[in-house]
Amino acid sequence: MGRELKKTPLYAWHRDHGGQMVEFAGWEMPISYKRGIIEEHLETRRYGGLFDISHMGRFSISGKEAVPFLQHVLTNNVLALDPGMAQYTMIPTEKGGALDDAYLYRMDEDDAGPRRYLLVVNAATREKDWNWFMEQRKKFRGLVIEDKTSEIGMMTWQGPETKGVLEKILRLPDPWRNRLRIGRVEGAWVMVSRTGYTGEPIGFEIFVPQEKLELLWERILREGTARGIVPAGLGARDSLRLEAGLVLHGHELGLDPEGKEIPIYAMLPAARVTVSFSPLKGEFIGREALRAQFEEVNARENGAPLPPKEERIVPKSIVPFLVTGQGIARRGSEVFVDGKLAGPVTSGAMGPYGVFDAVGILGKAHDAGRT
């Protein structure tokens, strides 16, 4: 018999509304609904898409040593977070690779009270991350860390029409990215953050007690359907993040096909926003290796002398590219430049696009295609 897959609180809703259920990281999740991946991708870009992401891991971190612990196990500077702010970060290894990438939210509402954080990690790495943190916490006795994955539901609400719909239901955070607000709806607490994984400039992630998740999900769709809002699955979530050039652990982060750690600085845009060498941060896991990566990448960009190829610690960079002809560059496909193997594709998929009825800003998309 196969292992039993975990189910989010919205499992029955997905199944009853045409969700095409697949296994993902030990969970049974919808890859798409009746519209299909292409339409869900395009509708998210045009209007908005609502995604169930309750399969992701959620760790509550508090206590008098919460800040020293987070500074030690994450790459970004936790002290840069004021109350009601969030930051993208990495969980580094000693060699400068990534155990995982994560989002950290500072949940307390003022500087006077105790600091409380919520760390969101990937579903596929939740247990590994948790075990790593349990090992590291031995150095921080004043730490309280709890796995809240089974208690807190999570959805993400992305696209240009989402703000207008959500304003009818919830108080929204300030209009800048990485802000959050905690309030109440239907008698329960709810946290809304200006974060997301689709590249949309307007988008939100919503945290709510699991028992209230379906109620809020349905309310959002009732308000949003008239504006073109649709539920969307894992397929569109992946194509949207790929279109935006966002990394996925196990592809652009983690181990390469040969089982070697991928340096965090091989994905330079992600490294620039997640790694801090601020004196306020101090020492942390992997700092020395990451500093060496940073200096080598800087030297390459500035045309400075580099070590021989076999001695470089960031020998390759992961960059986006577009296939303009027939076919799709799938993960593992080999890429050649001037007849020489440059490396494998880390992520690849079709690129949905709208067909417009006119040129310029007056044109409206009325059909779908694919690259």
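The legends below describe close-up views of a predicted model. Residues are numbered from 1 along each chain as its sequence is written. Local features need pLDDT of at least 70 and side-chain atom pairs count only at pLDDT 80 or more, while totals for chains, interfaces and linings use all residues; side-chain values use heavy atoms, with hydrogens and water left out.

**View 1. The salt bridge between Glu223 and Lys168.** A salt bridge is a side-chain nitrogen of Lys or Arg within 4 Å of a carboxyl oxygen of Asp or Glu. For Glu223 and Lys168 the N to O distance is 4.0 Å. Glu223 belongs to helix α6 (residues 210–224) and Lys168 to the loop between α5 (162–166) and β10 (180–185), so the contact ties together parts that are 55 residues apart in sequence. Helices (H or I, at least four residues) and strands (E, at least two) are DSSP runs, numbered from the N terminus. Glu223 is partly exposed, with a relative accessible area of 28%; buried means under 20% relative accessible area, exposed over 50%, and partly exposed in between (1.4 Å probe, protein chains only). The whole structure holds 19 salt bridges. Elsewhere, Arg45, Glu200 and Glu243 are linked in a salt-bridge network.

View 2. Arg241 and Asp238 form a salt bridge in which the closest N and O atoms are 3.0 Å apart. Both residues lie in α7 (residues 234–243), three residues apart, about one turn of the helix. An α-helix has 3.6 residues a turn, so residues three or four places apart point the same way. Arg241 is buried at 2% relative accessibility, whereas Asp238 is partly exposed at 28%.

View 3. The side chains of Glu295 and Arg291 meet in a salt bridge of 3.4 Å, N to O. Glu295 is partly exposed at 47% relative accessible area, and Arg291 is partly exposed at 31%. The expected span of a helix is 1.5 Å times one less than its number of residues; for the 15 residues of α9 this gives 21 Å, and the end C-alpha atoms are 21 Å apart, which agrees. Buried residues of α9 include Leu290, Gln293 and Val297. The buried residues of this helix pack against β5 (86–92) and α8 (268–274), where contact means heavy atoms within 4.5 Å. Gly303, which follows α9, has a positive phi near 75°.

**View 4. The six-stranded open sheet.** The strand order is β10-β11-β12-β9-β3-β13, with mixed pairing; two strands pair if DSSP finds at least two bridges between them. Strands β10 and β13 (230–232) are the edges, each pairing on one side only. The twist averages 25° from one strand to the next. Axes are lines fitted to C-alpha atoms, for helices over the stretch in contact, and angles run from 0 to 180 degrees between N-to-C directions. Strands β3 (residues 49–52) and β9 (residues 152–158) are antiparallel and share four bridges, with Gly49 opposite Gln158 in β9. Helix α2 (residues 37–46) packs on the sheet, touching β3, β9 and β13, and its direction makes about 125° with that of β13.

View 5. Four bridges join the antiparallel strands β6 and β7, and Tyr103 stands opposite Val120 in β7.

View 6. A nonpolar core is a set of buried Ala, Val, Leu, Ile, Met, Phe, Trp, Tyr and Cys residues joined through side-chain atoms within 4.5 Å. The largest one has 37 residues, and Tyr105, Phe207 and Tyr265 have the most contacts inside it. The elements giving two or more residues to this core are β5, β6 (98–106), β7 (117–121), β9, α7, α8 and α9. Not counting residues up to four places away in sequence, Phe207 touches, among others, Tyr105, Leu118, Ile152 and Trp189.

**View 7. Two loop residues with positive phi.** Asn178, in the loop between α5 and β10, has a phi near 70°. Asp338 lies in the loop between β14 (334–337) and β15 (340–344), with a phi of about 55° although it is not a glycine. Asp338 is exposed at 77% relative accessibility.
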